[in-house]
Amino acid sequence: MASSFAFASGTSPSFLASNTLKPKHSPLRRPLAAINIRSESMATEKLGIKVETNPSESKLSQHGVRQWPKWGCPPSKFPWTYSSKETCYLLEGKVKVYPDGSNDFVEIGAGDLVEFPKGMSCTWEVSVAVDKHYKFE
């Protein structure tokens, strides 16, 4: 769909000519460059599970994540026990992990680098099919 707007010769609306978010007379005026719109990496730990969301590609390379084996599963629910520490990186999927003895859960999904401790028993509730790289230590 084409649209045509006509402006008086030599003029254009300030939102097209300016690199700011607010009109020039606004005290809240900031250059677009001052706005951070990239995803930041954020690490948390809950119920013994460490989750880093959106780790940098350099961090993934440093750990050799792309060379780790891959595993996947369809939406399902199953128990799991970690006989050794597992670190995994989810390429796709969405999972609620319920550690045994807790009514709470940790939700993980695509773009998460996750560490499960040795000895943890839990239930995986997969709502979106999983595709992940993994490494046991």
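What is the relative accessible area of Phe-105?

Modeller: Phe-105 has a relative accessible area of 25% and is partly exposed, a class lying between buried (under 20%) and exposed (over 50%), calculated with a 1.4 Å probe on protein chains only. This is a predicted model, in which local features need pLDDT of at least 70 and side-chain atom pairs count only at pLDDT 80 or more, whereas totals for chains, interfaces and linings use all residues. Residues are numbered from 1 along each chain as its sequence is written, and side-chain values use heavy atoms, leaving out hydrogens and water.

Two lysines lie over the face of this ring: Lys-46 at 5.7 Å from the ring centre of Phe-105, and Lys-96 at 4.7 Å from that centre. The criterion is that NZ of Lys or CZ of Arg is within 6 Å of the ring centre and within 35 degrees of the ring normal.

Turning to ring pairs, Phe, Tyr and Trp (its six-membered ring) pair if the centres lie within 6.5 Å, with planes under 30 degrees apart stacked, over 60 edge-to-face and the rest tilted; the count by this rule is 8 aromatic pairs. In one of them, the centres of Phe-78 and Trp-124 are 5.9 Å apart and the planes meet at 25°, so this pair is stacked. Because Phe-78 belongs to strand β4 (residues 76-81) and Trp-124 to strand β8 (residues 121-136), the pair ties together parts that are 46 residues apart in sequence; strands here are DSSP runs of E with at least two residues, numbered from the N terminus. Phe-78 and Trp-124 are both buried. Phe-105 itself pairs with Tyr-98, their centres being 5.3 Å apart and their planes at 50°, so this pair is tilted. Tyr-98 is also partly exposed, at a relative accessible area of 22%. A cluster linked by ring pairs takes in Trp-71, Phe-78, Trp-80, Tyr-82, Phe-116 and Trp-124.

As for charged groups, the structure holds 11 salt bridges, each a side-chain nitrogen of Lys or Arg within 4 Å of a carboxyl oxygen of Asp or Glu. Lys-70 and Asp-131 form one, with the closest N and O atoms 3.3 Å apart. Since Lys-70 is in strand β3 (residues 70-73) and Asp-131 in strand β8, that pair ties together parts that are 61 residues apart in sequence. Glu-86 and Lys-132 form another, their closest N and O atoms being 2.6 Å apart, and this pair links distant parts of the chain, Glu-86 in strand β5 (residues 86-99) and Lys-132 in strand β8, 46 residues apart. Glu-86 is buried at 2% relative accessible area, and Lys-132 is buried at 5%. Salt bridges with shared partners join Lys-50, Lys-85, Glu-115, Lys-135 and Glu-137 into one network.

Asp-112, in strand β7 (residues 112-116), is buried yet has no salt bridge, the nearest side chain of opposite charge being Lys-94, 10 Å away; Lys and Arg count as positive, Asp and Glu as negative, and His and the chain ends are not counted. The side chain of Asp-112 instead reaches the backbone nitrogen of Gly-109 at 2.8 Å. Leaving aside neighbours within four places in sequence, the residues in contact with Asp-112 include Val-51, Thr-53, Cys-88 and Glu-107, contact meaning heavy atoms within 4.5 Å.

Definitions and conventions. Helix = DSSP H or I, 4+ residues; strand = E, 2+ residues; numbered from the N terminus. Polar contact = N/O pair within 3.5 Å; in protein donor to acceptor, adjacent residues only side chain to side chain.
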